[in-house]
Amino acid sequence: MAELPTEVADEAERLTRLARTATDPDERAARRERRDDRLAEHGFTARVREDPDGDVLVCYPSEWIVDGEVRTDRIEDTDRAVERRLSGTEPGGDWEALATHNNRVAERVADAHGPVHGANARVFADFMSNHRARRVGTATEADRTEFRTEYFVRNAWPTDDQRAAVETSLSLVADVATALEKDE
């Protein structure tokens, strides 16, 4: 039984997020179709489940489906399914505590590595707090890709120095977040 590669799950999450935020219905449909095609290459399909804590992308093996519905009698190993939170806070999360944590990471990056990396860290903290409702240290490659290619260029109004440093800045954020987690 094939597992869904992490990079495919990351791409499915990224495309789902882009589809959800697209204003053009054709663009939404194209993103979903691209996601579905990519998952189908690996024998998986997707749906978005509405949960009280926020929507969740669920990718599961296509063989579990009969006539458009998941058949529980076909599920041998539930661990084959992949879930990615799309909205809301982390389970049991408190947005204010989350934002405080992310801001603390950004401040430490600025203090240790200067204003350019600090500015990038601040924008990434905002992105993760407001658009992912997760700590910066939990960012996936799909989160970082969407940040760099979509959010950063459209919402940060970055300087040339910030653009040149963004990759390094994201690495610094990850390092500082890891260190801060150990201290807490």
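**Burial, cores and a pocket in a predicted chain**

Valine 82 is buried, with a relative accessible area of 18%; buried means under 20% relative accessible area, exposed over 50%, and partly exposed in between (1.4 Å probe, protein chains only). The model is predicted, so local features need pLDDT of at least 70 and side-chain atom pairs count only at pLDDT 80 or more, while totals for chains, interfaces and linings use all residues. Residues are numbered from 1 along each chain as its sequence is written, and side-chain values use heavy atoms, with hydrogens and water left out.

Valine 82 is placed in strand β5. Strands (E, at least two residues) and helices (H or I, at least four) are DSSP runs, numbered from the N terminus. Not counting residues up to four places away in sequence, valine 82 touches Leu4, Ala9, Leu57, Val58 and Cys59, where contact means heavy atoms within 4.5 Å. Phenylalanine 44 is 38 residues from valine 82 in sequence, and their C-alpha atoms are 9.8 Å apart in space.

The chain as a whole has six helices and five strands, which follow the pattern α-α-β-β-β-β-β-α-α-α-α along the sequence. Its C-alpha trace spans about 55 × 40 × 30 Å along the principal axes. Of the 184 residues in the chain, 42% are buried. Among contacts with a separation of 6 or more, 59% are between residues 24 or more positions apart.

Helix α1 covers residues 6-21, and its 16 residues should span 22 Å at 1.5 Å a residue; the end C-alpha atoms are 23 Å apart, which agrees. The expected span is 1.5 Å times one less than the number of residues. Twelve of the 16 residues of α1 are buried, so the helix is largely enclosed by the rest of the structure. The buried residues include Val8, Ala9, Asp10, Glu11 and Ala12. Their cover includes α2 (25-40), β1 (44-49), β2 (56-61), β5 (82-85), α4 (115-132) and α5 (141-155).

Threonine 140 lies in the loop between α4 and α5. This threonine is buried, with a relative accessible area of 19%. Threonine 140 touches Asp10, Glu13, Arg84 and Arg134, not counting residues up to four places away in sequence.

A nonpolar core is a set of buried Ala, Val, Leu, Ile, Met, Phe, Trp, Tyr and Cys residues joined through side-chain atoms within 4.5 Å. The largest has 22 residues, and those with the most contacts inside it are Val105, Val109, Phe124, Val136, Phe147 and Val173. At least two residues of this core come from each of α3 (95-113), α4, α5 and α6 (160-183). Helix α6 gives the most, with seven residues. Apart from this core lies another, of eleven residues, among them Ala9, Ala12, Cys59 and Leu86.

The largest pocket is lined by 18 residues, of which Arg17, Leu18, Thr21, Glu146 and Glu150 lie nearest its centre. On a 1 Å grid over the protein atoms alone, a pocket is an open set of points where a 1.4 Å probe fits, with protein on both sides within 12 Å along at least five of seven lines; lining residues have an atom within 4 Å of a point. The volume of the largest pocket is about 390 Å³, counted as the space filled by probe spheres set on the points, which are joined across faces, edges and corners. Helices α1, α2, α4 and α5 each supply at least two residues of the lining, and the largest share, five residues, comes from α5.
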